[in-house]
Amino acid sequence: AYSAFGQGSVVMSQVFLGTAFIFLASDEAGCVDDQDEIDQDCDNRVYGFYPATVVTNISAMAGLLAAIFMPFMGALVDYTSFRKQMGIIVIIPTILIQAVQIATSADTWFIMGILQAIGLALLEIHYFLTVSYLPDLARSPQVDHETMSKFSEGFLGLQFTGQLIYLVVVVAASFALDLDTVETAQLGQLLGTLWATVCYTGAWRKFPKTTKQRHALASKHSSLFLAGFRQNWKTCVRIHQQSKALQWFFIFVCFMEAGTSAIIPVAVTYLSRVMDFDGTQIGLAFVCALVGSIPGALFGGWMSRIWNPLYSLKLNGLANIVITTVGTVVLVEQNDALGYIWGFLWGFVLCWFYSSEQIFYSLSMPAGQDTELSGFFVFCTIVLTWLPPLIFSVVVESGIEERWGLTALVVCQVLGFLALLGIPAWNQVLDGAKKSLLLDIHDDDVGDQNTDAAISNAPVAAADLPVKL
């Protein structure tokens, strides 16, 4: 609960800091006029890049770092007893980076951008480490699936509440104090640092210390760094061989989660550069997105009940493609109302997607194997997060109009939708969930002889995992 509430501020701080990076990069490139307005026709570069790609370059770098190190972190969770120690080691520099970035200015923005890439990668790793505690919680005899679902709803509610409170406070303070873009970012980092310090300190004081490893390496000469990659590869092969539904679902997750994770860096860049929004206006657009997320989550659950989650995901995929594509046509000049409306629409379809995705996962997992696949599911949500920001940067660096950078999101949305078409009919998916997969993916189990039985009875599902934004 502490971690979910704290994550909201750290995630949303990207909104204000990213806007400041774009302004400061444009200023250093000589693309800011005497009224402190960015010249949209300026084609000067800074450090070899257009200022418009600064934020997306940072996000692409962070996504690559997270994807590379995530399997290693998974191996640390499975093959060592240092999970809590690693969580603390990861979160300390994350908070320190937040604190250092309070000093973001015209002289320091470039090094702060590098630190931002490292900080975002660490945040992804920290998210994975906190989620790894959920299977242990689920194995408790006092916890059933209904209890875990309530926990999940509480975690999700706290995360969105944290994001909304943080955005409202920073935007209100910016209005009241008449702050400019850089000053708003500095305020956002100050509040985020204090917020994260309190919440994450409370979280890691509560997380239990792991006393024994879950599994043992095949031999003392086996590489811990490569163990996670081998484990993921074996899981991919087994799923491909045994379940067409899960194969296409996990492919869908890889692309759609990449697209949703890229909304913050792409939207910040787009609203700043194309629609000439300042930090406060962009913050308001994201407040509208969070407001839209509430009916979106409810609508996703309703659609999944009256039809089924597969149908809901397909309709959501089409809605995502249409809203983003139309956005490239209508969001072409400064228009506050349109920016806020599209923020609401993106928030609506985003949480519609999360709601339906979680229901699909929880109902489609083979009986008793939710826990074994939950880590792989989290990995799939992270592995391609670098792709949409990279596409956006390539589009802009190629000299194409910045508004067409939104195609970075459309590409992932289309590929995700095509993956959905490969999933069999919903009744076949449910039939497949009654059969167990042969997922002998670890070298050797250690500890209690009843571990496998405990795992097979653990009620963890994607619906029990907090949403990552």
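Tutor: Helices (H or I, at least four residues) and strands (E, at least two) are DSSP runs, numbered from the N terminus. This is a predicted model: local features need pLDDT of at least 70, side-chain atom pairs count only at pLDDT 80 or more, and totals for chains, interfaces and linings use all residues. Residues are numbered from 1 along each chain as its sequence is written, and side-chain values use heavy atoms, with hydrogens and water left out.

Student: How many helices and strands does the protein have?

Tutor: Count the runs of each kind. The protein has 2 strands, and its helices number 18.

Student: What percentage of the 469 residues is buried?

Tutor: Buried means under 20% relative accessible area (exposed is over 50%, partly exposed in between; 1.4 Å probe, protein chains only). Of the 469 residues in the protein, the buried share is 57%.

Student: Which residues touch the most other members of the largest nonpolar core?

Tutor: Such a core is a set of buried Ala, Val, Leu, Ile, Met, Phe, Trp, Tyr and Cys residues joined through side-chain atoms within 4.5 Å. The largest has 126 residues, and those touching the most other members are Phe 249, Phe 250 and Phe 252.

Student: Which residues does Phe 252 contact, leaving aside neighbours within four places in sequence?

Tutor: Contact means heavy atoms within 4.5 Å. With those neighbours set aside, Phe 252 is in contact with Leu 313, Phe 353, Gly 416, Ala 419 and Leu 420.

Student: Is H11 parallel, perpendicular or oblique to H12?

Tutor: Axes are lines fitted to C-alpha atoms, for helices over the stretch in contact, and angles run from 0 to 180 degrees between N-to-C directions. Helix H11 (residues 279–306) and helix H12 (residues 309–330) pack at about 130 degrees, axes 7 Å apart. Under 35 degrees is roughly parallel, over 145 roughly antiparallel, 65 to 115 roughly perpendicular, the rest oblique. So H11, relative to H12, is oblique.

Student: How far apart are the axes of H2 and H4?

Tutor: Helix H2 spans residues 54–79 and helix H4 residues 109–131. They pack at an angle of about 35 degrees, with an axis separation of 8 Å.

Student: How many residues in the contact of H2 with H4 are nonpolar?

Tutor: Ala, Val, Leu, Ile, Met, Phe, Trp, Tyr, Cys and Pro count as nonpolar; Asp, Glu, Lys and Arg as charged; the others, Gly among them, as polar. This contact has 3 polar and 1 charged, while the nonpolar residues number 17.

Student: How far apart in space are Phe 348 and Leu 290?

Tutor: Phe 348 lies in helix H13 (residues 336–364). Phe 348 and Leu 290 are 58 residues apart in sequence; C-alpha to C-alpha, their separation in space is 8.2 Å.
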